[in-house]
Amino acid sequence: MNAATLTMDGLTTPETEARFAGSSRTRKVAVVSDDEDAQLMLAYARGEMRAFETLYSRHRGALYRYLMRQARDGEIANDLFQEVWSRVIVNRARYEARAKFRTFLFTLAHNCFIDHCRRTKSRPRGMGVDDADAADLLPAAEDSQPDVVMVREEASCLYRAALASLPAEQRDVYLLHEESDLSLEEIARVTGVGAETAKSRLRYAVNKLKAALSVVEA
């Protein structure tokens with residue numbers, strides 16, 4: 001496998017957009033040992049391609065969702081997705097096991113997105129249903145009644161609109177918290193801010209998203 005052949009075939013999407021940071025949230029990242037990921041990355045640096053394939057399989061879904069929800073443009077997200085994995089490949093020899101692989105991966109993703117915004121001098125555009133969101137609008141069989149579907153769609157639209165309206169720094173911290181499974185301290189390191197700043201940005205984002213969805217629940 002190489003950077004030119006990476007695809008998102010078989011991407012697993014989340015059950016619903018309307019989930020917040022908090023103890024009741026279901027993590028989207030598979031529960032694996034951080035040490036195991038680190039050892040896989042070190043093995044890949046030694047030339048073991050199967051180790052890379054395992055890391056790619058474990059983390060591609062969360063990485064793609066993070067990039068899609070940041071860019072809100074499928075073509076841009078796909079390009080950034082390729083760029084991040086290309087940087088993983090290029091920087092494999094520099095990886096040190098004392099850093100979690102997820103921290104390493106999402107730091108690259110964060111930096112790739114920031115670089116994209118600087119290059120294009122633009123922020124994400126578009127509010128249509130994208131690849132990361134589409135499955136959320138497909139109701140389960142037991143929830144196929146028109147009124148239930150309507151409420152779900154309204155909640156999903158309000159969620160995406162509220163997410164898009166967040167300041168970029170708050171949206172970034174929220175999406176990292178949702179998709180990367182990193183702690184707030186690790187997210188602070190990824191984004192280059194203090195832990196308290198990251199915590200306050202996450203709190204603000206969660207409160208705004210909850211307020212937006214409370215309109216549907218009222």
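This passage describes the predicted model of the protein, from its overall make-up to individual residues.

The protein contains eight helices and zero strands, and, read along the sequence, its elements follow the pattern α-α-α-α-α-α-α-α. Of the 218 residues in the protein, 44% are buried. Contacts between residues at least 6 apart in sequence join, in 74% of cases, residues that are at least 24 apart.

The average pLDDT of the protein is 76, and 67% of the residues score at least 70. Residues 1-32 have a pLDDT that stays under 50, although the model gives this stretch 78 contacts beyond four places in sequence. The pLDDT is likewise below 50 over residues 125-144, a stretch with 43 contacts in the model beyond near neighbours in sequence. Where pLDDT is low, the predicted coordinates should not be read in detail.

The largest nonpolar core comprises 51 residues, and W85, V88, F101 and Y174 are those with the most contacts inside it. At least two residues of this core are supplied by each of α1 (34-45), α2 (49-71), α3 (74-90), α4, α5 (146-165), α6, α7 and α8 (195-217). The greatest contribution comes from α2, which gives eleven residues to this core. In soluble globular proteins, nonpolar side chains tend to be buried together. The surroundings of V88 can be listed individually: when its neighbours within four places in sequence are left aside, V88 is in contact with M41, F52, F101, F104, L105 and L108.

Aromatic rings were examined next. The count of aromatic pairs comes to ten. One of them is formed by Y44 and F52, a tilted pair whose centres are 4.9 Å apart and whose planes make an angle of 40 degrees; both Y44 and F52 are buried. Another tilted pair is formed by Y56 and F81, with 6.1 Å from centre to centre and 55 degrees between the planes. Because Y56 lies in helix α2 and F81 in helix α3, this pair ties together parts that are 25 residues apart in sequence. Y56 counts as buried at 5% relative accessibility, and F81, with a relative accessible area of 1%, is buried as well. Ring pairs link Y44, F52, Y56, Y64, F81 and W85 into a cluster, and W85 is also among the residues with the most contacts inside the largest nonpolar core.

Helix α4 (residues 101-120) has 20 residues and reaches 29 Å from its first C-alpha to its last, which is close to the 28 Å expected at 1.5 Å a residue. T120 is found in this helix and, with a relative accessible area of 38%, is partly exposed. A polar atom of the T120 side chain lies 2.9 Å from the backbone oxygen of H116. The residue that follows α4 is K121, whose phi is positive, near 50 degrees.

Positive phi values also occur in loops between helices. R72, which is not a glycine, has a positive phi of about 50 degrees, and its place is in the loop between α2 and α3. At a relative accessibility of 18%, R72 counts as buried, because the limit for a buried residue is under 20%. D181, also a residue other than glycine, has a positive phi near 65 degrees and is found in the loop between α6 and α7. With a relative accessible area of 21%, D181 is partly exposed.

The loop between α6 (168-179) and α7 (184-191) also holds S180, which is buried, with a relative accessible area of 0%. The side chain of S180 reaches two backbone atoms, namely the oxygen of L176 at 2.4 Å and the nitrogen of L182 at 3.2 Å. In space, S180 lies 6.4 Å from A62, C-alpha to C-alpha, although the two residues are 118 residues apart in sequence.

Technical notes
Residues numbered from 1 in each chain as written. Predicted model: local features only at pLDDT ≥ 70, side-chain atom pairs only at ≥ 80, totals over all residues. Heavy atoms only, no water. Helix = DSSP H or I, 4+ residues; strand = E, 2+ residues; numbered from the N terminus. Buried < 20%, exposed > 50% of the residue type's maximum accessible area, 1.4 Å probe, protein only. Polar contact = N/O pair within 3.5 Å; in protein donor to acceptor, adjacent residues only side chain to side chain. pLDDT = per-residue confidence, 0-100. Contact = heavy atoms within 4.5 Å. Expected span 1.5 Å × (residues − 1). Core = buried A, V, L, I, M, F, W, Y, C linked by side-chain atoms within 4.5 Å. Phe/Tyr/Trp six-rings, centres within 6.5 Å; stacked < 30°, edge-to-face > 60°.
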